[in-house]
Amino acid sequence: MTPEALAWIERFGAHLGSERRLSPHTRSNYLREIDALVSWCDTQRLTAWAQIDAQHLRSFAARSHAGGLAPRSVQRRLSAVRSFLRWLQREKVISGNPAVDVRAPKTRRRLPVTVDADQIARLLDFQPQAPLEQRDLALMELLYSSGLRLAELVGLDLP
């Protein structure tokens, strides 16, 4: 990147601090992600922001992911780049934001952690003394034995 192109990064950093009032930590995270883009642009011999297109950004995201970045980190990186390019567009440095339709790799959905039968047996192994304890025990047994979600249990309407 040319020195003129790099100067826009400093201006963007000032924008993040003064206009958007982001914390210094968040600001440095944004700038770190943009520095990664600059490094990648240098390897591609791109010298100006206007030269970057959507295909370049897809390649940048793919290279980041192939380099070991987790999908969430690639999403964060693209979010910072989108924000920077949107700001460059506002400042009339580029005519359009090529990052608008660039998507990061999908993150894996985590399975919920389950409680095994022995843990539930220990949890439910008490003699309720008060009416509220009796109610709580009944709710816990219903929750476990029926497979209801907590939101479904809370939403039950008894006549």
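Predicted model: local features only at pLDDT ≥ 70, side-chain atom pairs only at ≥ 80, totals over all residues.
## Two loop residues with positive phi

K92 is found in the loop between helix 4 (71–90) and helix 5 (117–124). Its phi is near 65°, which is a positive value in a residue other than glycine.

R21 provides a second case. This residue belongs to the loop between helix 1 (3–18) and helix 2 (24–43), and its phi is positive as well, near 55°. R21 counts as exposed because its relative accessibility is 69%, over the 50% cut-off.

## Helix 4

Helix 4 consists of 20 residues. From its first C-alpha to its last, helix 4 reaches 28 Å, close to the 28 Å expected at 1.5 Å a residue. K92, with its positive phi, follows this helix.

## The largest nonpolar core

How many residues make up the largest nonpolar core? The core has 32 residues, and those with the most contacts inside it are L37, W49 and F84. Helix 1, helix 2, helix 3 (54–66) and helix 4 are the elements that give two or more residues to this core.

F84 illustrates how parts of the chain meet. When neighbours within four places in sequence are left aside, F84 is in contact with W8, I9, F12, I34 and W49.

## L137 in helix 6

L137 is part of helix 6, which covers residues 131–146. L137 is buried because its relative accessible area is 12%, under the 20% cut-off.

Which residues does L137 touch, apart from neighbours within four places in sequence? L137 is in contact with L124, F126 and P128. L123 stands 14 residues from L137 along the chain, and the C-alpha atoms of the two are separated by 9.2 Å.

L156 lies in the segment after helix 7 (150–154). L156 is partly exposed because its relative accessible area is 45%, between the cut-offs of 20% and 50%.

Notes
Residues numbered from 1 in each chain as written. Heavy atoms only, no water. Helix = DSSP H or I, 4+ residues; strand = E, 2+ residues; numbered from the N terminus. Buried < 20%, exposed > 50% of the residue type's maximum accessible area, 1.4 Å probe, protein only. Expected span 1.5 Å × (residues − 1). Core = buried A, V, L, I, M, F, W, Y, C linked by side-chain atoms within 4.5 Å. Contact = heavy atoms within 4.5 Å.
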